Amino acid sequence: MNENRIRRRLRVTVLFIVGVAIILLIGSVAGGTYLSNMLQQLTYDGIQSEVDEYAVRIQDQINTELQILNTFSTVFEESEDLDDETLGQKLKKAKLHNQFTMLAYFDASKNGTVAINQGIKILHNVPLMSMPDEVQTVVEESLKGRETVSWLFKSKDSKETVFAYGIPVMRGNNVEGVLVANDDMKAFSDMLDGDWILQDSGYIHMVSSNGEYLIRSDRSVVTEAEESIFVQPYFDKEELVDVQTALAAGENYSFSFSYEGETYQAILRPVGINNWYLFCISNLQENNVFVYHMIRMITILFVSVIILILLILGVGYRQIYVTGKELLSVAYHDQLTGISNLIYFRREVFNRLKIKNSGSSGSIAILNLHNFKYINDLFGKEKADQLLCHIAEILKEYLKEGCLICRDTADYFYIFMPESDKEILRNKLQKIIDDVIQISKHLGSNYRLSPYCGVIIAEDEGQEVDVEYLLTHVMFALETARENFADSIYFYDVGVSSQNKMINYIESHMHQALEDGEFHLYLQPKVNLRTDTLAGAEALVRWIKKDGEMIYPSDFIPLFEKNGFCIRLDMHMVELVCQQIREWLDEGIDPIPISVNQSKLLFYEADYIENLSLLMDVYRVPPQLITLEILEGLVVENIEELNEKITRLKEKGFKISMDDFGTGYSSLNTLGKLKIDELKLDRGFLMEITKDESENSKLIMEQVIQLSKSLQISTVVEGVETEENNDMIKKLGSDYGQGYFYSRPVSASEFNEKYMNKS
Ligand code: C2E
Ligand code: MG
Ligand code: MG
């Protein structure tokens, strides 16, 4: 997982949530709109059905009136002879029982008898011409055999708005005359102005299809527009054409309009008589105030919740992003120096080498300091940490050149360089080494830092790059650089195939070689520096093949430590040592103590001590003559367990020595905790002193020797090659010396000849 991936995932999540939020937002707005539309539709439906009902009632009313006239007409039709008097009587009677404002009979010659209100007056021989135009039209139409309803007109008598009905009076198939009646609009007005119209939130006008009011409701909210409805606020110009077209075609028309800040719904519905329309208006908002509030509240709530979610998301995104970045920083960075750690380095190197696929691709170097662990002891942890940070700062400079850097544990700095030319690499690394030496001054003493590098070049062989292989083998290169004091930069030798052959040979022959006695005992003297006499010897194995070729331990011991064979080999060496001591004893020669190297695997074998004791018993060798050399690496593990084992071995009489001290991780502090008898200082100390005559190693050696003395641990300095070395370690106070200066390791027989042939 890297920053980009975290970003990508976050982005997808955020996009998803934003998407959902937008859908919810659109959904809630759409839902709100749908609800209010639905409500509006419901209102329209409500108005519509109410208006429909009124239209039917008006039609019924008119039909009833026409029905009444029809009844009269039958009476007229049945009368044989209708003289003026009889006509007058009949009309008077009919008028008495009805609400008509005028009732008249006109014969075919348009001469009429008219009954009007005001004490029911009967007028005879009234010419049609003298009647209002609307009455004339009704009579004319009805004479053609049609029932007719007139337009509205002002009655001269009652001064009210009235309209006329006409019914033909038949004699056989002929129209003999017309019964005509006037009626006022009172019944309609009552009907239209009833309190219960639209649950009291609406009112109805009656208009003609050309927009004029026929009946204007007293409840009208709109006080303007008294003449025609085809004006503001009902319609603006754009809508006017639509409404006029619909009305001319006798169709329904629904619309809404705003008046004094309120919205109203309206419907125009034809009555079905003449060109009359019912014009119904309702205040939707007033009608559904609560529901509207609810819808608005829910929509606002929804939108607020969604905005809140988006806000939380924004904050959350930031938090997750920052936390993720911090976690990544912890996971991929070295907390002390702030540069990358090995996990990040390994991945990035893999990515870089993966991309390139032609030609050489790059190299990995490890930078390390000789004796860094003592810097902690000598200058304190704080100074040592500062030093590491300074080194990181120096390395950061090289990032600009496309390099990658990281720190693993302690003073292990890795550098990846996109470069495979040895000369260029060497120059770069030498510059780094020089810069690192420069920061020695920060330690505030004469101590001079001694950096060294192991390098491996990743050759592109068209195969996938094995970063693990590079990292393991650059470590070998570092080990070699550490031992190679002449040159502080060492390039890994890629002659791996011959190395592999050697490994194959060793692994396939080791068992047979042991049986055939190809592992020989070599001895190297250990000299007492106070008396310059032989104080003991170290047993060192030599594999001498049948053809006489000698294989050195450095070629097979690391392999045996891996495959476990050193458990058998080491026991074999102990046995050879026991045989040698037995031989001395049997020959009456004073035996000297012999040190035997014991591998880590063997040391932790369950029946290790028992097996050792058994060998001692078999060869009747006092364990006091055997020193067991263990490696510093054992200390890294459980010190208590190690001490417990040491104690048991010491109880048996064995001596315990710690070999190669200075190559591992244990510091001066750990010395005090170990129950060892002897400490062997690695030859690296002497080599370093010889190399640049630095005071550092001398200083450290002195400290180690002094400390050991105070802990009653005897000291052996390994690798004494020259007289100067010998003099120096004597001055430093070491008890013993071992090295080529005194003697190389020699075969047991040569050793016996040289040193034990006392008789
Ligand atoms: P070591 O136990 O530290 O043994 C000392 C090594 O330093 C020996 O290498 C010795 O030949 C070499 N040496 C001694 N004096 C000098 C000197 O003045 N200059 C130089 N340059 N070298 C010197 P050798 O015999 O090749 O053994 C290497 C290592 O192999 C030993 O280091 C020890 O760790 C291991 N080893 C040897 N024999 C055995 C064995 O039987 N069992 C186990 N487990 N390890 C063994
Ligand atoms: Mg040794
Ligand atoms: Mg050693």
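Which residues of H22 are buried?

1. **Ground rules.** This is a predicted model, in which local features need pLDDT of at least 70, side-chain atom pairs count only at pLDDT 80 or more, and totals for chains, interfaces and linings use all residues. Residues are numbered from 1 along each chain as its sequence is written, chains are lettered from A and ligands numbered from 1 in the order in which they are written, and side-chain values use heavy atoms, with hydrogens and water left out.

2. **The helix from the opening question.** The buried residues of H22 are Asn 696, Ser 697, Ile 700, Met 701, Val 704, Ile 705 and Ser 708 (buried means under 20% relative accessible area, exposed over 50%, partly exposed in between, with a 1.4 Å probe and protein chains only).

3. **One face in, one face out.** Looking down the axis of H22, you find its buried residues within an arc of 155°, so they line one face of the helix (the arc is that of the directions from the helix axis to the C-beta atoms). An α-helix has 3.6 residues a turn, so residues three or four places apart point the same way. On the face of H22 turned away from the buried side sit the exposed residues Glu 695 and Ser 710. After H22 comes Gln 712, with a positive phi near 60°.

4. **Around ligand 1.** There are 22 residues around ligand 1, and Glu 538, Asp 570, Asp 659, Glu 721 and Tyr 740 come nearest (near means a heavy atom within 4 Å). A polar side-chain atom of Glu 538 lies 2.8 Å from a ligand oxygen. For Asn 597, a side-chain N or O atom is 2.9 Å from an oxygen of ligand 1. Tyr 740 uses a backbone N or O atom instead, 2.8 Å from a ligand oxygen. Taken alone, ligand 1 exposes 790 Å², and the protein buries 85% of that (Shrake-Rupley method, 1.4 Å probe).

5. **A residue in another helix.** Ile 309 belongs to helix H7, residues 289–332. At 37% relative accessibility, Ile 309 counts as partly exposed.

Technical notes. Polar contact = N/O pair within 3.5 Å; in protein donor to acceptor, adjacent residues only side chain to side chain. Helix = DSSP H or I, 4+ residues; strand = E, 2+ residues; numbered from the N terminus.
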